[in-house]
Amino acid sequence: MDIKLYNKLKRNIVLDYINTFITNLNMQSSVWVLYLAYCGLSMAETGIVEGIYHATSIIFEIPSGAIADLLGRKRSMVLGRICIAISCIIMLFSRSFWYFALGFAIQALGNNFNSGSEEALVYDSLKYIGKEHEYMRISGRRNVIIEISQGIATVTGAVLAEYSYFWCYSTCLVIALLAAVQVLFITEAPVTENMAEKYKNGWQDMRVIETIKQHFKTSYNIIKSDIRILKIITYYSVVFASQTLLFFYSQQYYKELGYNKIQTGVILLLAGTASCLGALFSSRLYRKYGRKIIAAASFLIAFAFVGYGFNNIILSIVLFMAASFSDSVLYPVQSDELNRLIPSGQRATLVSVDSLFFSAAMIIMFPAAGALADIWGIDTVFSSIGIGLIVFIVVILLLNKPENL
């Protein structure tokens, strides 16, 4: 093996850690629900905008994954960062539902280009240098970095938004541009470069359409041939979508309890700290308890929803932290199990299929929860989701042997 290439691919891991930190300095994460309300949108409209975000993901997720496989993860990641920057500009100057919808759609497209590409680039780099067994440990570290970065962004974004939403979204724009520049220092794994060279002429004469169709067909056949892939994707999509909904709508929940943006940001930071610990201990817990940890962590997320119905600030914060810890415990487990079942050539595409399922769950859950919150109140909606999630987990556990989930 070329020692220079070996060192560059090994360096990819450090560069990805840096890129992960920059990318996740998302200042709007703790205030965007409040920002849309400030601009006059109802909870139902907020849910619909988020639904449009995920509908865009449904439409472009698999094509963007194919682009990452065929043209290179690096190019795909750069395109993603550029789209995020454009969406920040739109959000800065929008004041109507349809402009917000456009901003969210472009943001979704940007995340599509990045979705799967980063994980696939890291895994293929490790595989090429013979260290793929370290993926779960590295994935856990990446999640720690994500939580640290998001924790910083959560409080900083809340402080900026308390002063001015303009400064909050302006900072998001600068960070997106910095992330795009940083990606340029990453080295593509040879498997990706070979695919890019192979299909270069196809893109020029439009034969690439047939290539993509074949790519999708192969991915579908892989899913069809191994039911474990479908089970993993379906189960975690519902659980992760539930936790995402809890995180974002908690902004409105704590506002209704009388807390300002900075106080809410601190609460979200506590949840982020718990997430950081979950990512840190994920591999250890999985080695010790095996797949039992999947059910335990999932139930904790469900119980958090139910606990929100009591409108008790201490109880809600404790349960919020427990749910965030559990979510981060589950993510590396799902990612590792899925990557072990996916061939390198279709890895980014099938990881994108995973994101597609997540988006489908969000399209159903987020607008419905927003609309019902306008009628019943956010606390009642949270409790109802928790009960439904408990039923879902119990049914899945009864229908599947632990080793098949």
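This is a predicted model: local features need pLDDT of at least 70, side-chain atom pairs count only at pLDDT 80 or more; totals for chains, interfaces and linings use all residues.
Contact here means heavy atoms within 4.5 Å. What covers the buried residues of H8? The cover includes helix H1 (3–23), helix H2 (32–38), helix H4 (73–93), helix H7 (135–163) and helix H13 (261–289). The buried residues of H8 themselves are Tyr 165, Cys 168, Tyr 169, Ser 170, Cys 172, Leu 173, Ile 175, Ala 176, Ala 179, Ala 180, Gln 182 and Val 183.

## The big picture

Now zoom out. The protein has 17 helices and zero strands. Of its 405 residues, 58% count as buried. If you take the contacts with a separation of 6 or more, 87% of them are between residues 24 or more positions apart.

Among the elements, H14 has the highest mean pLDDT, at 95, while helix H10 (residues 200–205) has the lowest, at 48.

## Tyrosines that meet

Aromatic rings are worth a look here. A pair of aromatic rings is described by the distance of the centres and the angle of the planes. The count for this protein comes to 26 aromatic pairs. In one of them, Tyr 35 and Tyr 165 have their ring centres 4.8 Å apart and their planes at 50°, so this pair is tilted. Tyr 35 sits in helix H2 and Tyr 165 in helix H8, so the pair ties together parts that are 130 residues apart in sequence. Tyr 35 is buried, with a relative accessible area of 2%. Tyr 165 counts as buried as well, because its 12% is under the 20% cut-off.

Tyr 165 also pairs with Tyr 38, and this pair is tilted, with 5.1 Å from centre to centre and 45° between the planes. Tyr 38 belongs to helix H2 and Tyr 165 to helix H8, 127 residues apart, so distant parts of the chain are linked by this pair. Is Tyr 38 buried or exposed? With 59% relative accessibility, Tyr 38 counts as exposed.

On to the interior. In soluble globular proteins, nonpolar side chains tend to be buried together. The largest nonpolar core of this protein has 88 residues, and Leu 245, Phe 320 and Phe 382 have the most contacts inside it. Which helix gives the largest share of this core? That is helix H12 (residues 227–256), with 15 residues. Apart from this core lies another, of eight residues, including Val 122, Tyr 123, Leu 126 and Ile 138.

Leaving out residues up to four places away in sequence, Leu 245 touches Ser 250, Phe 305, Met 365, Phe 366, Ala 369, Phe 382 and Ile 385. Ser 242 is placed in helix H12. Ser 242 counts as buried, at 1% relative accessibility. Its contacts, with neighbours within four places in sequence set aside, are Phe 305, Met 365 and Leu 389.

## A few residues on the outside

Not everything is tucked away. Ile 59, in helix H3 (residues 43–71), counts as exposed at 56% relative accessibility. The C-alpha atoms of Ile 59 and Leu 356 are 8.5 Å apart, although 297 residues separate the two along the chain.

Phe 310 counts as exposed, because its 61% relative accessibility is over the 50% cut-off. Its C-alpha atom is 8.8 Å from that of Ser 383, which is 73 residues away along the chain. Asn 311 lies in the loop between H14 and H15 too. Asn 311 has a positive phi of about 55°, although it is not a glycine. With a relative accessible area of 36%, Asn 311 is partly exposed.

How values were computed
Residues are numbered from 1 along each chain as its sequence is written. Side-chain values use heavy atoms; hydrogens and water are left out. Buried means under 20% relative accessible area, exposed over 50%, partly exposed in between (1.4 Å probe, protein chains only). Helices (H or I, at least four residues) and strands (E, at least two) are DSSP runs, numbered from the N terminus. A nonpolar core is a set of buried Ala, Val, Leu, Ile, Met, Phe, Trp, Tyr and Cys residues joined through side-chain atoms within 4.5 Å. pLDDT is the predictor's confidence in each residue, from 0 to 100. Rings of Phe, Tyr and Trp (its six-membered ring) pair if their centres lie within 6.5 Å; planes under 30 degrees apart count as stacked, over 60 as edge-to-face and the rest as tilted.
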